[in-house]
Amino acid sequence: MEPPPAPAPAGPERLFDSHRLPSDVPVLLALLLYAPVGLCLLLVRLFVGLHVFLVSCALPDGPPRRFLVRALCSVLGLLVWQSRPRSARAPVLVANHVTPFDHNVLGLLAACSAPVLNGAAGFVCWSRGFLEVAGAESRAELLEGLKGYCSRGGNPPLLLFPEEATTNGRVGLLRFSSWPFSIAGAVQPLALRVWRPFVAVVSLGPAGGGKSGGWEALGLPLCSLPFQSVAGASWVTELLWTFFVPVTVYQVRWLPSVHRRAEETQEDFARRVQELLALELGVVSTCLTAADKAEHLKRLRHHHPASRPPPHPSEPSGVQPPASRSMASPEDVRLMGMARRVQEVLPQVPLAAIHKDLAQTNCVDTTIANLLEGRVPFVPEAQTTGGLVAAAPSACGAQDPSTSRTAPASGTAFARSAEARQFSLQERKQALRDQARRRYTEKYGTAHGGGSC
């Protein structure tokens, strides 16, 4: 019995919330009724927050200061609790990134220092609780400065966010950067979950970035709601929303320290820690990066789904005809380009099946692997001259003559034992995969071309 297929990687539209306000009408009505109370809380918490900032600046770092500030933060609506206490020590802490205040919240549980990577230095950096590394003009200099920081005894551990961008924390993790895992030979992962009522934790898109939901149901135009459109919301906006809602709950789980294995590369080490953290959070690991989030945000800013014409009833929902390609959105144009690249490697696979799987994976390499492994059912098209017949094993069990030049000879005869037949099937699948990879390499110069994931 073959194992079930692996879940498809999540797309950027699922990792990032395009709207802060709810789409359900009952929840939206409850938010409107709560709004006067929330505004009063906002004003009171602004006054209390100033005193919390002064207390945190005046007291030295230590358990008494963290206990007092944590108690005052509960008045601000920030509830922090750890379901699994810290049992190990490592020079570097790594965590998933959900809000701009993750480093402040984790600093209430244990002494740690989060270096500033992007943003203003000086007073703003210090007031937000970041560690400013002197002389870090480039990534290489920053890395050397952080290694020197960890080598000095008595310093708190470093807190790093390998995703380098925030997500909603519910669906998947961005691909971890490898440079944080070159600082020390051991890291301790932290699983972070954030919840708040009424509104999304972090919203990134304008009103055109998703469904308007409850606002249209109530007959309210989105253009009259500036607080709904928070494209690239700053940390100040997130702070105001934190003071507005009744409570924001941070749940932290400390995982055991992970040590780098012998002869393990930084990329493999980062990927292993990412898989462990994704398993703890119950989400998936993706190949998306912070650059993909920036591109997704740019598309949300400049594209409104209402401007796209609805597809014709006789056409598949995943593919647009060539006549309407000029009216397609940038996302559809990008998917069509990726689908053509897949079809150049696997010409016998219909374009509709390729486009449907790409809409879920958003990755050329993953789609090619899904088609070769038979996880995507399809009806093969007529073979083109000189093309590669790439029917999935589930759709075509016999070996095609066009691949006999590269397929092993052991797959030409029907074996008597089940083990031999299974081995022959694996050989044919590997031959198809190698031939597809070779064609892709000859076309684009590398097995993982730029923009494939």
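Start by selecting helix 8, residues 235–244. Its buried residues are Glu-238, Trp-241, Thr-242, Phe-243 and Phe-244; buried means under 20% relative accessible area, exposed over 50%, and partly exposed in between, with a 1.4 Å probe and protein chains only. What covers these buried residues includes helix 2 (25–58), strand 1 (78–84) and strand 8 (248–254). Helices (H or I, at least four residues) and strands (E, at least two) are DSSP runs, numbered from the N terminus.

A word on the model before you go on: it is predicted, so local features need pLDDT of at least 70 and side-chain atom pairs count only at pLDDT 80 or more, while totals for chains, interfaces and linings use all residues. Residues are numbered from 1 along each chain as its sequence is written, and side-chain values use heavy atoms, with hydrogens and water left out.

**Helix 2 and its partners**

At what angle do helix 2 and helix 8 pack? The angle is about 110°, and the axes are 7 Å apart; axes are lines fitted to C-alpha atoms, for helices over the stretch in contact, and angles run from 0 to 180 degrees between N-to-C directions. The two helices are therefore roughly perpendicular to each other. Angles of 65 to 115 degrees count as roughly perpendicular, under 35 as roughly parallel, over 145 as roughly antiparallel and the rest as oblique.

To see this contact (heavy atoms within 4.5 Å), show side chains for Leu-31, Tyr-34, Ala-35, Gly-38, Leu-39, Leu-41, Leu-42, Arg-45 and Leu-46 of helix 2, together with Leu-240, Thr-242, Phe-243 and Phe-244 of helix 8. By class, there are 10 nonpolar, 2 polar and 1 charged residues here. Ala, Val, Leu, Ile, Met, Phe, Trp, Tyr, Cys and Pro count as nonpolar, Asp, Glu, Lys and Arg as charged, and the others, Gly among them, as polar.

In helix 2, pick Arg-45, Val-48, Val-52, Val-55 and Ser-56; they meet Arg-65, Leu-68, Val-69, Leu-72, Cys-73 and Val-75 in helix 3. This contact has 8 nonpolar, 1 polar and 2 charged residues.

Is Arg-66 buried or exposed? Arg-66 is buried, with a relative accessible area of 14%. Leaving aside neighbours within four places in sequence, its contacts are Asp-61, Gly-107, Leu-108, Leu-109, Ala-110 and Ala-111.

**The nonpolar cores**

Next, select Leu-159, Leu-190, Tyr-250, Val-252 and Trp-254, the residues with the most contacts inside the largest nonpolar core, which has 28 residues. Such a core is a set of buried Ala, Val, Leu, Ile, Met, Phe, Trp, Tyr and Cys residues joined through side-chain atoms within 4.5 Å. Elements that each supply at least two residues of this core include helix 2, helix 3, strand 1 and strand 8. Beyond its neighbours within four places in sequence, Val-252 touches residues including Trp-81, Leu-106, Leu-109 and Leu-190.

A second, separate core has 26 residues, among them Tyr-149, Phe-181, Ala-184 and Val-258.

**Loop stops**

Move to Ile-183, in the loop between strand 6 and strand 7. Ile-183 is buried at 11% relative accessibility. Draw a C-alpha to C-alpha distance from Ile-183 to Cys-150: the two are 33 residues apart in sequence and 7.9 Å apart in space.

Then find Pro-156, in the loop between helix 6 (139–151) and strand 5. Pro-156 is partly exposed, at 27%, and its C-alpha atom is 8.9 Å from that of Ala-110, 46 residues away along the chain.

Finish with two backbone angles. Most residues other than glycine have a negative phi. Glu-164, however, has a positive phi of about 65°; look for it in the loop between strand 5 (158–160) and strand 6 (172–173). Glu-263 also has a positive phi, near 60°, and sits in the loop between strand 9 (258–259) and helix 9 (266–281). Glu-164 is partly exposed at 34%, whereas Glu-263 is exposed at 83%.
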